[in-house]
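User: Before we discuss this model, I would like each label in it to be set against its definition. Please begin with the terms and then go on to the structure.
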Amino acid sequence: MNPVIGDLHVHTVASGHAYSTVLENATVALEKGLTVLGVADHGPSMPGGPPAIYFEARGHFPRQIEEVRVFFGAEVDIIDENGNLDLPPHVLKKLDYAIVSFHPQVYSGGSREENTRILLQALSNPLVDIVAHAGNPRYPLDYRVVVREAVAQGKIFEINNSSFAVSRKGSSDNCRAIAQEILHCGGELVVSSDAHFCHEIGEYKHALDLLSSIHFPCERILNVHENRLLQFLEYRKERKRSLSPSPVF
Ligand SMILES: [Zn+2]
Ligand SMILES: [Zn+2]
C-alpha cells in the first residue's frame with residue numbers, strides 16, 4: 001500500500017501542457033486513497049501558462065471534493081538572475097502555497113554559484129514554501145548551502161518522481177545528494193508526482209526507492225502524515241496572510 005497520503009505538485013489543463021482537470025485529478029486522488037491534493041499550475045511565464053487572474057480568482061476553487069482536501073498553490077518560475085518570480089506578491093499571498101523552480105523555457109540559469117545565489121534569493125521570499133525538482137542537472141546548485149537555508153527557514157525540498165520517470169534525465173544522483181543533505185541537517189521533504197495527467201497522481205515509486213536506498217526515515221517525509229502535512233500547509237497559509245500588505249523583497 002502506498003504510504004503517501006497527499007500530492008502537492010499536480011498540474012491541470014490550465015498549465016498549457018497538462019491534460020486533466022481539477023475534478024479528474026481529485027477523482028484519481030480519491031481512487032488512490034489520497035486525502036490531500038495540491039494543485040500547483042505553472043505561472044504566466046511558462047509558454048501556454050495561465051495569467052495571474054487564474055490564481056487571483058481563487059474564490060471558485062473547490063476546497064473539498066468528496067473526501068479529498070484540495071489546496072490551491074502554484075509552481076512559480078524563477079525568471080531572472082535576481083530570483084524574481086512570475087507571480088507578483090499580492091497574488092502569491094492569496095495562494096495556499098508556492099512551489100518555486102527553474103525551467104529552461106523561462107530562464108536558462110548560470111553557473112553553480114549563480115544558480116545557488118539565485119535560488120537563495122528566491123528562498124528569501126517569505127511567500128515561497130517548496131523547492132521543486134532541484135536535482136535537475138541543467139541547473140547545478142550547491143545543495144549543502146540551499147538545503148541548509150531552506151531547513152533554517154522551515155521550507156522544504158521535494159523529491160520529484162517525474163524527474164526519474166519522464167523528465168530531467170540525469171537527476172537521480174543529484175536528488176540523492178539533496179535527500180542526504182536533508183537527512184544530515186534534520187529537515188523534512190515531500191515526494192511529488194508532478195503529474196501532468198491524472199493517472200500520474202500519487203505515483204512515487206522512483207522517489208521512494210531512492211529514499212529507501214539511503215534509509216531516509218519515513219517520519220521525515222511530510223506527505224506520509226496527514227496531520228503534519230496539513231499543519232505545514234496551514235502554517236504557511238496563515239504566515240502569508242499575516243505578512244504586511246506590501247512586503248518588500
Ligand atoms: Zn509542466
Ligand atoms: Zn516544474
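Analyst: Two residues are in contact if their C-beta atoms, placed from the backbone, lie within 7 Å. The model is a predicted one, in which local features need pLDDT of at least 70 and side-chain atom pairs count only at pLDDT 80 or more, while totals for chains, interfaces and linings use all residues. Residues are numbered from 1 along each chain as its sequence is written, and chains are lettered from A and ligands numbered from 1 in the order in which they are written.

User: Which residues does Ala 98 touch?

Analyst: Leaving aside residues up to four places away in sequence, Ala 98 touches Gly 73, Ala 74, Val 76, Leu 92, Leu 127, Val 128 and Asp 129. Ala 98 is also, with Val 100, Phe 157 and Leu 189, among the residues that touch the most other members of the largest nonpolar core, which has 70 residues. Such a core is a set of buried Ala, Val, Leu, Ile, Met, Phe, Trp, Tyr and Cys residues joined through C-beta atoms within 7 Å; buried means that 20 or more other C-beta atoms lie within 10 Å of a residue's own, exposed means 12 or fewer, and partly exposed is in between.

User: Why is the chain called as compact as a globular protein of its length?

Analyst: The chain has nine helices and eight strands, which are DSSP runs numbered from the N terminus (H or I, at least four residues, for helices; E, at least two, for strands). Its radius of gyration is 16 Å, close to the 18 Å of the globule rule for 249 residues, so the chain is as compact as a globular protein of that length. The radius is taken over C-alpha atoms, and the rule is 2.2 Å times the number of residues to the power 0.38. Of the contacts with a separation of 6 or more, 80% are between residues 24 or more positions apart, and buried residues make up 48% of the 249.

User: What makes strand E4 mostly covered, and which strands pair with E4?

Analyst: Seven of the ten residues of E4 (residues 68-77) are buried. Strands pair if DSSP finds at least two bridges between them. E2 (residues 36-42) runs parallel to E4 over seven bridges, with Gly 38 bridged to Phe 71, and five bridges join E4 to E5, also in parallel, where Asp 77 has Ser 101 as its partner. E3 (residues 64-65) meets E4 in the antiparallel sense over two bridges; in that hairpin, with two residues between the strands, Glu 66 takes a positive phi near 50 degrees.

User: How do you know that the buried residues of H4 lie on the same side of the helix?

Analyst: The buried residues of H4 are Asn 115, Thr 116, Ile 118, Leu 119 and Ala 122. They cover an arc of only 165 degrees around the axis, which puts them on the same side of H4, the arc being that of the directions from the helix axis to the C-beta atoms. Strand E5 (97-101) and helix H5 (143-152) are included in what covers them.

User: What is buried in H7, and what does the face turned away carry?

Analyst: Asn 174, Cys 175, Ile 178, Ala 179, Glu 181 and Ile 182 are the buried residues of H7. Their arc is only 160 degrees around the axis, which puts them on the same side of H7, whereas the face turned away carries the exposed residues Asp 173 and His 184. After H7 comes Gly 186, with a positive phi near 80 degrees.
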